[in-house]
Amino acid sequence: MRTLTRRRALAGGALAFSLLAAAPLQAAQPVVVGDVTFPPTVRVQDRTLTLNGAGLRYKTVFKVYAAGLYLEKKAATPAEVQAQKGPKHLTVTMLRDIDSSELGKLFARGMEDNMDRTAFSKLVPGVLRMSQIFSEHKMLKAGDTFAVDWLPGTGTVVIVKGQPQGEPFKEPEFFDALLGIWLGNQPADWKLKDALLGKG
(Lines give C-alpha, C1' and ligand atoms only; values in the text may rest on other atoms or scores of the structure.)
Protein backbone atom coordinates (compact mmCIF):
# COMPACT_ATOMS: atom_id res chain seq x y z
CA MET A 1 0.00 0.00 0.00
CA ARG A 2 2.80 2.38 0.91
CA THR A 3 4.57 1.52 -2.36
CA LEU A 4 1.41 2.34 -4.38
CA THR A 5 0.97 5.65 -2.57
CA ARG A 6 4.60 6.53 -3.16
CA ARG A 7 4.30 5.70 -6.87
CA ARG A 8 1.23 7.89 -7.18
CA ALA A 9 3.05 10.76 -5.45
CA LEU A 10 6.02 10.41 -7.78
CA ALA A 11 3.74 10.27 -10.82
CA GLY A 12 1.90 13.36 -9.65
CA GLY A 13 5.17 15.21 -9.11
CA ALA A 14 6.44 14.24 -12.55
CA LEU A 15 3.19 15.43 -14.15
CA ALA A 16 3.36 18.76 -12.33
CA PHE A 17 6.99 19.22 -13.40
CA SER A 18 6.19 18.41 -17.04
CA LEU A 19 3.32 20.92 -17.05
CA LEU A 20 5.59 23.54 -15.53
CA ALA A 21 8.28 22.86 -18.09
CA ALA A 22 5.75 23.11 -20.91
CA ALA A 23 4.37 26.44 -19.69
CA PRO A 24 5.64 29.44 -21.67
CA LEU A 25 8.13 31.72 -20.00
CA GLN A 26 6.59 34.91 -18.68
CA ALA A 27 7.03 37.71 -21.21
CA ALA A 28 9.23 40.63 -20.25
CA GLN A 29 7.26 43.58 -18.95
CA PRO A 30 7.47 47.22 -20.08
CA VAL A 31 9.63 49.52 -17.97
CA VAL A 32 8.15 52.80 -16.75
CA VAL A 33 10.56 55.66 -16.02
CA GLY A 34 9.33 59.16 -15.24
CA ASP A 35 5.86 58.23 -16.54
CA VAL A 36 7.42 57.16 -19.86
CA THR A 37 6.78 53.55 -20.83
CA PHE A 38 9.59 51.67 -22.58
CA PRO A 39 8.49 48.42 -24.27
CA PRO A 40 10.68 45.40 -23.55
CA THR A 41 11.57 45.03 -27.26
CA VAL A 42 11.50 47.03 -30.49
CA ARG A 43 12.01 46.05 -34.13
CA VAL A 44 14.82 47.72 -36.08
CA GLN A 45 15.96 46.50 -39.50
CA ASP A 46 13.83 43.37 -39.05
CA ARG A 47 15.78 42.56 -35.87
CA THR A 48 14.34 42.34 -32.37
CA LEU A 49 16.22 44.60 -29.98
CA THR A 50 15.85 44.26 -26.21
CA LEU A 51 15.73 47.09 -23.72
CA ASN A 52 19.19 47.19 -22.16
CA GLY A 53 18.26 49.88 -19.65
CA ALA A 54 16.32 53.10 -19.17
CA GLY A 55 16.67 56.08 -16.86
CA LEU A 56 16.23 59.78 -16.26
CA ARG A 57 18.38 62.78 -17.12
CA TYR A 58 18.34 65.30 -14.28
CA LYS A 59 19.51 68.87 -14.28
CA THR A 60 19.86 69.92 -10.65
CA VAL A 61 16.56 68.60 -9.23
CA PHE A 62 14.55 68.77 -12.46
CA LYS A 63 13.75 65.82 -14.69
CA VAL A 64 14.74 66.76 -18.26
CA TYR A 65 14.09 63.58 -20.22
CA ALA A 66 13.80 59.80 -20.04
CA ALA A 67 16.07 57.67 -22.24
CA GLY A 68 16.15 53.99 -23.16
CA LEU A 69 18.82 51.95 -24.97
CA TYR A 70 17.94 48.90 -27.08
CA LEU A 71 20.47 46.30 -28.24
CA GLU A 72 20.48 42.80 -29.73
CA LYS A 73 22.01 41.42 -26.55
CA LYS A 74 22.57 42.79 -23.08
CA ALA A 75 25.64 44.92 -22.43
CA ALA A 76 26.99 46.06 -19.07
CA THR A 77 29.84 48.31 -20.26
CA PRO A 78 30.29 50.95 -23.00
CA ALA A 79 32.86 48.66 -24.64
CA GLU A 80 30.32 45.84 -24.87
CA VAL A 81 27.79 48.23 -26.43
CA GLN A 82 30.33 49.45 -28.97
CA ALA A 83 31.44 45.90 -29.84
CA GLN A 84 27.99 44.88 -31.01
CA LYS A 85 27.75 45.02 -34.80
CA GLY A 86 23.98 44.82 -35.18
CA PRO A 87 21.40 47.64 -35.08
CA LYS A 88 21.12 49.81 -31.97
CA HIS A 89 18.39 52.19 -30.88
CA LEU A 90 18.45 55.02 -28.34
CA THR A 91 15.15 56.76 -27.69
CA VAL A 92 14.55 59.92 -25.65
CA THR A 93 11.26 61.41 -24.44
CA MET A 94 11.26 64.97 -23.13
CA LEU A 95 9.80 65.56 -19.67
CA ARG A 96 9.92 69.36 -19.90
CA ASP A 97 10.06 71.97 -22.64
CA ILE A 98 13.55 72.83 -23.85
CA ASP A 99 15.08 74.98 -26.57
CA SER A 100 16.15 72.33 -29.08
CA SER A 101 18.97 74.45 -30.50
CA GLU A 102 20.44 74.60 -27.00
CA LEU A 103 20.02 70.84 -26.72
CA GLY A 104 21.91 70.40 -30.00
CA LYS A 105 24.77 72.51 -28.63
CA LEU A 106 24.86 70.46 -25.43
CA PHE A 107 25.05 67.26 -27.44
CA ALA A 108 27.92 68.62 -29.53
CA ARG A 109 29.76 69.58 -26.35
CA GLY A 110 29.05 66.16 -24.86
CA MET A 111 30.55 64.45 -27.89
CA GLU A 112 33.64 66.67 -27.74
CA ASP A 113 34.10 66.10 -24.00
CA ASN A 114 34.22 62.34 -24.52
CA MET A 115 36.64 62.19 -27.47
CA ASP A 116 40.24 63.11 -28.10
CA ARG A 117 40.72 66.22 -30.21
CA THR A 118 41.93 64.41 -33.33
CA ALA A 119 38.99 62.00 -33.42
CA PHE A 120 36.51 64.79 -32.77
CA SER A 121 37.95 66.99 -35.53
CA LYS A 122 37.15 64.28 -38.09
CA LEU A 123 33.49 64.33 -37.07
CA VAL A 124 33.03 68.13 -36.93
CA PRO A 125 30.96 68.31 -40.17
CA GLY A 126 28.55 65.70 -38.81
CA VAL A 127 28.40 67.37 -35.40
CA LEU A 128 27.50 70.70 -37.03
CA ARG A 129 24.80 69.03 -39.14
CA MET A 130 23.33 67.35 -36.08
CA SER A 131 23.23 70.68 -34.23
CA GLN A 132 21.45 72.18 -37.24
CA ILE A 133 18.86 69.39 -37.18
CA PHE A 134 17.88 70.30 -33.63
CA SER A 135 18.04 74.04 -34.29
CA GLU A 136 15.46 73.70 -37.05
CA HIS A 137 12.93 72.30 -34.59
CA LYS A 138 13.14 75.40 -32.36
CA MET A 139 11.54 73.74 -29.35
CA LEU A 140 11.10 70.24 -27.98
CA LYS A 141 8.13 70.10 -25.65
CA ALA A 142 7.29 67.68 -22.86
CA GLY A 143 6.17 64.45 -24.51
CA ASP A 144 8.14 65.00 -27.72
CA THR A 145 10.56 62.25 -28.69
CA PHE A 146 13.74 61.83 -30.64
CA ALA A 147 15.78 58.75 -31.37
CA VAL A 148 19.18 57.80 -32.71
CA ASP A 149 19.51 54.53 -34.62
CA TRP A 150 22.60 52.71 -35.79
CA LEU A 151 21.67 50.77 -38.92
CA PRO A 152 24.44 48.52 -40.31
CA GLY A 153 24.96 49.24 -43.99
CA THR A 154 23.15 52.57 -43.70
CA GLY A 155 24.66 54.61 -40.88
CA THR A 156 23.32 56.72 -38.03
CA VAL A 157 19.77 57.99 -38.45
CA VAL A 158 18.45 60.82 -36.27
CA ILE A 159 14.67 60.74 -35.83
CA VAL A 160 12.83 63.73 -34.32
CA LYS A 161 9.12 63.48 -33.49
CA GLY A 162 8.92 60.27 -35.52
CA GLN A 163 10.50 61.68 -38.69
CA PRO A 164 14.01 60.79 -39.98
CA GLN A 165 16.12 63.92 -40.37
CA GLY A 166 18.05 64.12 -43.62
CA GLU A 167 20.64 61.68 -44.88
CA PRO A 168 22.20 59.11 -42.52
CA PHE A 169 25.57 59.85 -40.96
CA LYS A 170 27.75 57.24 -42.68
CA GLU A 171 30.71 57.03 -40.27
CA PRO A 172 30.41 54.22 -37.70
CA GLU A 173 32.40 56.46 -35.33
CA PHE A 174 29.59 59.00 -35.34
CA PHE A 175 27.12 56.75 -33.55
CA ASP A 176 29.73 55.76 -30.96
CA ALA A 177 30.50 59.45 -30.45
CA LEU A 178 26.81 60.21 -29.96
CA LEU A 179 26.47 57.40 -27.42
CA GLY A 180 29.48 58.88 -25.65
CA ILE A 181 27.21 61.73 -24.54
CA TRP A 182 25.48 59.24 -22.26
CA LEU A 183 28.01 56.39 -21.91
CA GLY A 184 31.37 58.16 -22.12
CA ASN A 185 33.91 58.90 -19.39
CA GLN A 186 32.21 62.27 -18.82
CA PRO A 187 28.54 61.40 -19.33
CA ALA A 188 25.70 63.90 -19.21
CA ASP A 189 24.40 62.13 -16.09
CA TRP A 190 26.23 59.36 -14.21
CA LYS A 191 23.04 57.78 -12.88
CA LEU A 192 21.55 57.74 -16.37
CA LYS A 193 24.72 56.06 -17.67
CA ASP A 194 24.36 53.31 -15.10
CA ALA A 195 20.66 52.96 -15.90
CA LEU A 196 21.24 52.60 -19.65
CA LEU A 197 23.82 49.91 -18.89
CA GLY A 198 21.23 48.03 -16.84
CA LYS A 199 22.72 48.92 -13.46
CA GLY A 200 20.05 51.38 -12.30
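**Overall content**

The model is predicted. The chain has six helices and 11 strands. Of its 200 residues, 42% are buried. Among contacts with a separation of 6 or more, 57% are between residues 24 or more positions apart.

**Packing of H3 against H4**

Helix H3 covers residues 100-113 and helix H4 covers residues 117-135; their axes lie 8 Å apart, at an angle of about 165°. Angles over 145 degrees count as roughly antiparallel, so H3 is roughly antiparallel to H4. The crossing of these two helices is right-handed. On the H3 side, the contact is made by Ser100, Ser101, Leu103, Gly104, Phe107, Ala108, Met111 and Glu112. On the H4 side, Phe120, Val127, Met130, Ser131, Phe134 and Ser135 take part. Sorted by class, the residues in the contact of H3 with H4 are eight nonpolar, five polar and one charged.

One of the H4 residues in this contact is Phe120. Phe120 has a relative accessible area of 13%. The cut-off for a buried residue is under 20%, so Phe120 is classed as buried. Apart from neighbours within four places in sequence, Phe120 is in contact with Ala108, Met111, Glu112, Met115 and Val127. Phe120 and Ala108 are 12 residues apart along the chain, and their C-alpha atoms are separated by 9.9 Å.

**Packing of H3 against H5**

H3 also packs on helix H5, which spans residues 172-183; the two axes come within 8 Å and cross at roughly 100°. Since angles of 65 to 115 degrees count as roughly perpendicular, H3 and H5 are roughly perpendicular to each other. H3 contributes Phe107, Gly110 and Met111 to this contact, and H5 contributes Phe174, Ala177, Leu178, Ile181 and Trp182. By class, the contact of H3 with H5 has seven nonpolar residues, one polar residue and no charged residues.

Phe107 and Met111 of H3 are listed in the contact with H4, and Phe107 and Met111 are also listed in the contact with H5.

**Thr156 in strand E10**

Thr156 is located in strand E10. Its relative accessible area is 0%, and Thr156 is therefore buried. With neighbours within four places in sequence left aside, Thr156 is in contact with Val148, Asp149, Trp150, Pro168, Phe169, Glu171, Phe174, Phe175 and Leu178. Among these partners are Phe174 and Leu178, and Phe174 and Leu178 of H5 also take part in the contact with H3.

**Salt bridges**

The structure holds two salt bridges.

Arg47 is partly exposed, with a relative accessible area of 39%. Glu72 is likewise partly exposed, at 33%.

Lys161 is partly exposed, with a relative accessible area of 40%.

**Residues with positive phi**

Most residues other than glycine have a negative phi. Asp35 has a positive phi, near 70°. Asp35 sits in the loop between strand E1 (31-33) and strand E2 (36-38). With a relative accessible area of 78%, Asp35 is exposed.

Thr60 is not a glycine either, and its phi is positive at about 55°. Thr60 is found in the loop between E4 and E5. The relative accessible area of Thr60 is 68%, so Thr60 is exposed.

Conventions
Residues numbered from 1 in each chain as written. Predicted model: local features only at pLDDT ≥ 70, side-chain atom pairs only at ≥ 80, totals over all residues. Heavy atoms only, no water. Salt bridge = Lys/Arg side-chain N within 4 Å of Asp/Glu carboxyl O. Buried < 20%, exposed > 50% of the residue type's maximum accessible area, 1.4 Å probe, protein only. Axes fitted to C-alpha atoms, helices over the stretch in contact; angles between N-to-C directions. Helix = DSSP H or I, 4+ residues; strand = E, 2+ residues; numbered from the N terminus. Parallel < 35°, antiparallel > 145°, perpendicular 65-115°, else oblique. Left-handed = near helix turned anticlockwise from the far one by under 90°. Contact = heavy atoms within 4.5 Å. Nonpolar A, V, L, I, M, F, W, Y, C, P; charged D, E, K, R; others polar.
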